[in-house]
Amino acid sequence: MAPLWVVVALSLAGGVGAACRFVLDGIVRSRVRLAYPVGTMLINVTGSLLLGFVTGLALAHALPQEWRLILGTGFLGGYTTFSTASFETVRLAQERRWRAAAVNAFGMMIAALLAAGLGLWLGALI
Amino acid sequence: MTADGPSSKPVHLRWSAVGLVILGGSAGTLVRYLLALVVPTWNGMPLGIFLINVTGAFLLGWLLETLVRRGPDVGGRRTLRVLLGTGVLGGYTTYSTFAVDADGLLLASRFAESALYGLATVVVGAAASIAGILLGARLHRAGRS
């Protein structure tokens, strides 16, 4: 386990990340009149890009391990969410919007993996 | 304490609600960090994050179904949704770690494990969401009869 200050800092960073998700999703919901949960998609794909970048930096020894935990496990782990994405997929399926549900489940996964791969590559470049 | 203030600001712009999300998100993140630390990987796949995401999906399905059946999203129900749903369970589960770990398996040429991990998370996660929703609905009916 990491030192206590790192554990406290990564927990708080996760809270701040969750708050960023809450505010950003609320703004997207109020501005974008789409019957598709774009907010969660946007959050998870940008968060995956950034976590790929942070991980790439850490693997290249350009970022200390403590900061990888605070920014990665903490902030970006709290910013992105799986539970809401999964819930929204099921809600779309309940409305018999099969294509939207499939995009939300598998499209989001593919987009997040591509974004994380791009982030890892960019992080390794530095 | 409630997320409902006298102001007409939308909930995501109220400091009381943002504070609840920070509180819940910090707690959820701490539990995720500790669980991921103690659960070993299985054939190179991050079993801890898988279990976290699946159990979080189940609990969020149960929570949101329970709240929506009890009444409109105001007052105490909204406080619980924001604190426990957006905060605790949103911070507990993660998508970014899931994506980076799946990429890590791909980069290690472990294609079968990457595909299994990715698909199992999405499919079992959706099944867990459904199970949580059904449990919430059933418990609500049982409570009323």
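Chain A meets chain B through 46 residues of chain A and 44 residues of chain B; a contact here means C-beta atoms, placed from the backbone, within 7 Å. The model is a predicted one: local features need pLDDT of at least 70, side-chain atom pairs count only at pLDDT 80 or more, and totals for chains, interfaces and linings use all residues. Residues are numbered from 1 along each chain as its sequence is written, while chains are lettered from A and ligands numbered from 1 in the order in which they are written.

- On the side of chain A that touches chain B, the elements giving two or more residues are helix H1 (4-31), helix H2 (38-59), helix H3 (65-79), helix H4 (83-94) and helix H5 (98-125) of chain A.
- Helices (H or I, at least four residues) and strands (E, at least two) are DSSP runs, numbered from the N terminus.
- H1(A) gives the most to this side of chain A, with 16 residues.
- By class, the side of chain A that touches chain B has 23 nonpolar, 22 polar and 1 charged residues.
- Nonpolar covers Ala, Val, Leu, Ile, Met, Phe, Trp, Tyr, Cys and Pro; charged covers Asp, Glu, Lys and Arg; the others, Gly among them, are polar.

**A helix pair across the chains**
- H4(A) and helix H5 (residues 111-144) of chain B have axes that come within 9 Å and cross at roughly 75°.
- Axes are lines fitted to C-alpha atoms, for helices over the stretch in contact, and angles run from 0 to 180 degrees between N-to-C directions.
- H4(A) is therefore roughly perpendicular to H5(B), a label for angles of 65 to 115 degrees.
- From H4(A), the contact uses Ser86(A), Phe87(A), Thr89(A) and Val90(A).
- H5(B) brings Gly125(B), Ala126(B), Ser129(B), Ile130(B) and Ile133(B).
- This contact of H4(A) with H5(B) has 5 nonpolar, 4 polar and no charged residues.

**A helix pair inside chain A**
- H1(A) and H3(A) pack at about 30°, their axes 6 Å apart.
- The crossing of H1(A) past H3(A) is right-handed: the near helix is turned clockwise from the far one by less than a right angle.
- Residues of H1(A) in the contact include Val6(A), Ala9(A) and Leu10(A), and those of H3(A) include Glu66(A), Leu69(A) and Ile70(A).
- The contact of H1(A) with H3(A) has 13 nonpolar, 8 polar and 2 charged residues.

**Chain B as a whole**
- Chain B has 5 helices and 0 strands.
- Its C-alpha atoms fill a box of roughly 55 × 40 × 25 Å along the principal axes.
- Of its 145 residues, 50% count as buried.
- Buried means 20 or more other C-beta atoms within 10 Å of the residue's own; exposed means 12 or fewer; partly exposed is in between.

**The nonpolar core**
- The largest nonpolar core has 76 residues.
- Such a core is a set of buried Ala, Val, Leu, Ile, Met, Phe, Trp, Tyr and Cys residues joined through C-beta atoms within 7 Å.
- Ala19(A), Ala112(A), Ala116(A), Val21(B) and Ala99(B) have the most contacts inside this core.
- Helix H2 (residues 47-70) of chain B gives the most to this core, with 11 residues.
- Beyond its neighbours within four places in sequence, Ala112(A) contacts Asn44(A), Val45(A), Ser48(A), Tyr95(B) and Ala99(B).

**Two loop residues with positive phi**
- His61(A), not a glycine, has a positive phi of about 60°.
- His61(A) lies in the loop between H2 and H3 of chain A, and counts as exposed because it has 8 C-beta neighbours inside 10 Å.
- Ser109(B), also other than glycine, has a positive phi near 60°.
- Ser109(B) sits in the loop between helix H4 (96-107) and H5 of chain B, and counts as exposed with 8 C-beta neighbours inside 10 Å.

Conventions
Two residues are in contact if their C-beta atoms, placed from the backbone, lie within 7 Å. Angles under 35 degrees count as roughly parallel, over 145 as roughly antiparallel, 65 to 115 as roughly perpendicular and the rest as oblique.
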